[in-house]
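This briefing is intended for a reader who is meeting the structure for the first time. Please keep the sequence and the model in view while reading.

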Amino acid sequence: MKRNRVKRRCLGLLLLSISAGAAHAKGVYQTPGAFLQQSFPGEVPPPSLMWLTQERKQVISDIMSRNYGGLRIRYWAQDERTAWILEEIGKELPITVGIVVRAGAIQRVKILAFRESRGGEVRYPAFTDQFTGAELNPDLQLNRHIDGISGATLSVRAVKKLTRLALYLHEQASHAPSKP
Amino acid sequence: MPRLNLNTHMPRWHRFLGISGALFALLLAGTGILLNHTSDLKLDNRYVQSDWFLKQYGLHVPEPLSYPVGSHWISQLGQRLYLDKKEIASDTSPLTGALTYVGMTVITTENSLWLLDETGALIEQLKSHDSLPGNPIDLGITKKNELALKTSDGWYTTNEALYPWRPMSGSPIESATTGSLPSALQQTLKHSYLGKGLSQERLLLDLHTGRIFGPLGVYLVDLMALILCGLAITGLTTWFKRRRNSSQLRPSTERLKLRESIK
């Protein structure tokens, strides 16, 4: 009886520490260099530059719901694959996300750095794996539903925006790839 | 125990309170009159320029760090970055260099590199943790007209695509150099940094209530209020006593005259 009570308390403490750990989840989970090496086995291609025309800036602005600062975006491309390292503010601080797109569909999403004290659950594969295979609709939305995470609404929203952005930019890069 | 002679002490107290509180009374009256006419004098739309007063409110303008870049200036005040008088970024780490390179303005802070076009629009921002060989310490141009970046590991060079970064031996022929901002631009940046700053109305209110000197100032004003109350009380008491004394004196004079007349 006493042993069961001790076990229950230990389990409770463990769950509490896990949830506390998830809530306070800021950190760098993978460097951009490591992400690129993982995304391009062999040799990482040199970065390419996509210049943002007015039309592209307008579409990006629609996706991100804000003006995008910058006139060019850096990306890595090989065969049908492109890799993007993008940032978006969750609640107050930027989340760095690495996204690989292949043939117009998300191949991989990886949270590279999370800087806020709450909402870090987005880094878990249980969330990011939902994006694998997702494509962009003509209305610039993902063609599938992504389950949210309670307490991480803004982080989820930020990651969804970035995946939509990566799919759009991949499409642009495929039509007219820029020179490095 | 000798009886307290209020006729002697009250006027003395009145004099003492009046002299000691005169300066405060003038300050209270002066600030009060001005505050009564805030709208007419537009005191809420006029701002304090005195560094001393601004410092009391913690409104301190840091010294700018500036780099001349062609005909422009890149400056940093605190964590704000300016291209001439236009704020281009806030919450930046310390500025480490700025120069012109192939028609672009290149700016480095301790954790980023910024590329601006000729209009000052942001082309790209690279962070030291992903796209730079390290944290930028200095900037330069090599004799081959390549961009040079100094990190704790030494100098690296690159082209306008900012890739790849190659270790460089030696030093660049031209380095980013700080300069002294023209005073007019410095004043503009100072006002921009302060924003609307401290209104004259706010300053007068805080002088009137003593809050400008913190809790001690508030207590001093409370003391001043008590002094003014004391002035009123001692003044009224003195006046009343004198009035009563003069009325008591008048009937006895009349009695004397009456006696004289009877005689």
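Between chain A and chain B there are 3 salt bridges, in a model that is predicted. The area buried between chain A and chain B is about 1100 Å².

**Salt bridges between the chains**

- Arg74(A) and Glu124(B) form a salt bridge through their side chains, with an N to O distance of 2.7 Å.
- Glu124(B) also meets the side chain of Arg72(A) in a salt bridge, here at 2.5 Å from N to O.
- This second pair crosses between the chains, joining Glu124(B) in strand S8 (residues 122-127) of chain B to Arg72(A) in strand S3 of chain A.
- Both Glu124(B) and Arg72(A) are buried.

- The contact involves 14 residues of chain A and 15 residues of chain B.
- Carbon and sulfur atoms give 54% of the area buried between the two chains.
- On the side of chain A, Leu71(A), Arg72(A) and Arg74(A) lose the most area to chain B, and together they account for 46% of what that side buries.
- Across the interface, 8 residue pairs are in polar contact, with both residues at pLDDT 80 or more.
- Strands S2 (47-51), S3 (72-78) and S4 (81-89) of chain A each contribute at least two residues to the side of chain A that touches chain B.
- The largest share of that side, 3 residues, is supplied by S2(A).

- Over all chains, the whole structure holds 7 salt bridges.
- One of them joins the side chains of Glu88(A) and Arg66(A), at 2.7 Å from N to O.
- This pair links distant parts of the chain: Glu88(A) is in strand S4 of chain A, while Arg66(A) is in the loop between helix H3 (54-64) and S3 of chain A, 22 residues apart.
- Glu88(A) is buried because its relative accessible area is 5%, under the 20% limit.
- Arg66(A), with a relative accessible area of 30%, is partly exposed.
- Glu88(A) forms a salt bridge with Lys161(A) as well, and the closest N and O atoms of this pair are 3.8 Å apart.
- Lys161(A) belongs to helix H5 (residues 153-175) of chain A and Glu88(A) to strand S4 of chain A, so their pairing ties together parts that are 73 residues apart in sequence.
- Lys161(A) is buried, with a relative accessible area of 16%.
- Through shared partners, salt bridges join Arg66(A), Glu88(A) and Lys161(A) into one network.

**An open sheet in chain B**

- In chain B, 5 strands form an open sheet with antiparallel pairing, in the order S12-S11-S10-S9-S13.
- Strand S12 (166-167) and strand S13 (174-175) of chain B stand at the edges with a single partner strand each, so one side of each has no neighbour in the sheet.
- Strand S9 (residues 138-141) of chain B pairs with S13(B) in the antiparallel sense over 2 bridges.
- Gly140(B) stands opposite Ser175(B), which is in S13(B).

**Helix H5 of chain B**

- Helix H5 (residues 200-209) of chain B has as its buried residues Leu203(B), Leu204(B), Asp206(B) and Leu207(B).
- Seen down the axis of H5(B), these buried residues fall within an arc of 165°, so they line one face of the helix.

Definitions and conventions: Residues numbered from 1 in each chain as written. Chains lettered and ligands numbered in written order. Predicted model: local features only at pLDDT ≥ 70, side-chain atom pairs only at ≥ 80, totals over all residues. Heavy atoms only, no water. Pairing = 2+ DSSP bridges. Helix = DSSP H or I, 4+ residues; strand = E, 2+ residues; numbered from the N terminus. Buried < 20%, exposed > 50% of the residue type's maximum accessible area, 1.4 Å probe, protein only. Arc of directions from axis to C-beta. Contact = heavy atoms within 4.5 Å. Buried area = accessible area lost by both parts, 1.4 Å probe. Salt bridge = Lys/Arg side-chain N within 4 Å of Asp/Glu carboxyl O. Polar contact = N/O pair within 3.5 Å; in protein donor to acceptor, adjacent residues only side chain to side chain.
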